[in-house]
Amino acid sequence: MSNLFYFEICFAFLFGAIFGSFSNVLIYRIPAGESILGRSRCQTCLKTIPWFQNIPIFSYFFLQGRCGQCQAPISKRYPLVELIMGLLFAAVVYVYGVTWLTFEYFILVFGLVTASFIDLDHMILPDEITLGGIVIGLLGAAINPEREFLESFLGVLFGGGILWLVAYVYFVFTGRDGLGGGDIKLLAWLGALLGWKAIPFVILSSSIVGSVVGLIVSRKNEDGLKTMIPFGPFLAMGAMLYLLGLKSVGIWYIDLFFPQIP
Ligand SMILES: [Zn+2]
């Protein structure tokens, strides 16, 4: 690795960690319906957190996991989200270098991590993130010469359409909602940015990982298979697997079934 590339990856990590810090704000404030602007406050003593105690990852360890003013414990979730975001941003630059597409992938990673934690906490995928992602994904395809608009547009139709169909068939046969509307919008967003060819891989990989985790969780809880597990984080995981290494497998899978489609 050249020195510049090494520098770019380190910078991407720091950039990601800062966005992880912002993500923590959104994870807490979007479901609560609070304004996303305004300084961070300690949720126990409600005092504004000074900037030097709000440095991503570092401050948590410097403050030994406690509020600098009232000593209330700070959730490990905060440095964890910052670390995940930093590592994913660094991985995007490691795989793709620095182009306009990299920035589109940063937006995707940021939105997916934020939406996943909100889904884990509240079983919802906010429209602000999923519908916003679709719009930004389509706009990016229209502006960025590295991408094809048709590919992106088909991605939205295919990603949204296929899950909608699965949800509809499931509803017809069982009379119950199996998939949330948020999952459908999330997959349409993935289609908008990654193209329609990514969709089968994302569905397959997220279903496999989701089923395995579902079995483990339901066994632990001992209340049968009724345990509600949000699907959003698994779709996000499938998208990350595709983006950061298994894209060729996903495309190979399409070519295997539809060799005539370019
Ligand atoms: Zn406090």
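**Helical architecture and selected residues of the predicted model**

Isoleucine 124 is partly exposed, its relative accessible area being 42%. When residues up to four places away in sequence are not counted, isoleucine 124 touches Ala115, Ile118 and Asp119.

The loop between α8 (198-221) and α9 (232-257) holds isoleucine 229. With a relative accessibility of 30%, isoleucine 229 counts as partly exposed. Once its neighbours within four places in sequence are left aside, the contacts of isoleucine 229 are Met123, Gly214, Val217 and Phe234.

The overall fold was considered next. The chain contains nine helices and zero strands, and its pattern along the sequence reads α-α-α-α-α-α-α-α-α. Its radius of gyration is 20 Å, which is close to the 18 Å given by the globule rule for 262 residues, so the chain is as compact as a globular protein of that length. Along the principal axes, the C-alpha atoms fill a box of roughly 60 × 55 × 30 Å.

Of its 262 residues, 43% count as buried. The accessible surface comes to about 14900 Å², and carbon and sulfur atoms account for 70% of this area. Where contacts between residues at least 6 apart in sequence are considered, 68% join residues that are at least 24 apart.

The packing of two helices was examined in detail. Helix α1 (residues 3-32) and helix α3 (residues 77-96) have axes that come within 6 Å of each other and cross at roughly 140°. The crossing of α1 past α3 is right-handed. The residues that form the contact of α1 with α3 comprise 17 nonpolar, six polar and three charged ones.

Glutamate 8 is placed in helix α1. Its relative accessibility is 24%, and glutamate 8 therefore counts as partly exposed, given that buried residues have under 20%. Val93 and Val98 are touched by glutamate 8, with residues up to four places away in sequence not counted. Leucine 165, in turn, is 157 residues from glutamate 8 in sequence, and the C-alpha atoms of the two residues are 42 Å apart in space.

Leucine 46 lies in the loop between α1 and α2 (58-62). The phi angle of leucine 46 is near 60°, a positive value in a residue other than glycine. With a relative accessible area of 54%, leucine 46 is exposed, the threshold for this class being over 50%. Glutamine 71 is located in the loop between α2 and α3. Although glutamine 71 is not a glycine, its phi is positive, at about 70°. The relative accessible area of glutamine 71 is 44%, and this residue is accordingly partly exposed.

Terms used
Residues numbered from 1 in each chain as written. Predicted model: local features only at pLDDT ≥ 70, side-chain atom pairs only at ≥ 80, totals over all residues. Heavy atoms only, no water. Axes fitted to C-alpha atoms, helices over the stretch in contact; angles between N-to-C directions. Helix = DSSP H or I, 4+ residues; strand = E, 2+ residues; numbered from the N terminus. Left-handed = near helix turned anticlockwise from the far one by under 90°. Nonpolar A, V, L, I, M, F, W, Y, C, P; charged D, E, K, R; others polar. Rg over C-alpha atoms; globule rule 2.2 N^0.38 Å. Buried < 20%, exposed > 50% of the residue type's maximum accessible area, 1.4 Å probe, protein only. Contact = heavy atoms within 4.5 Å. Areas by Shrake-Rupley, 256 points an atom, 1.4 Å probe, with all protein chains shown as cover.
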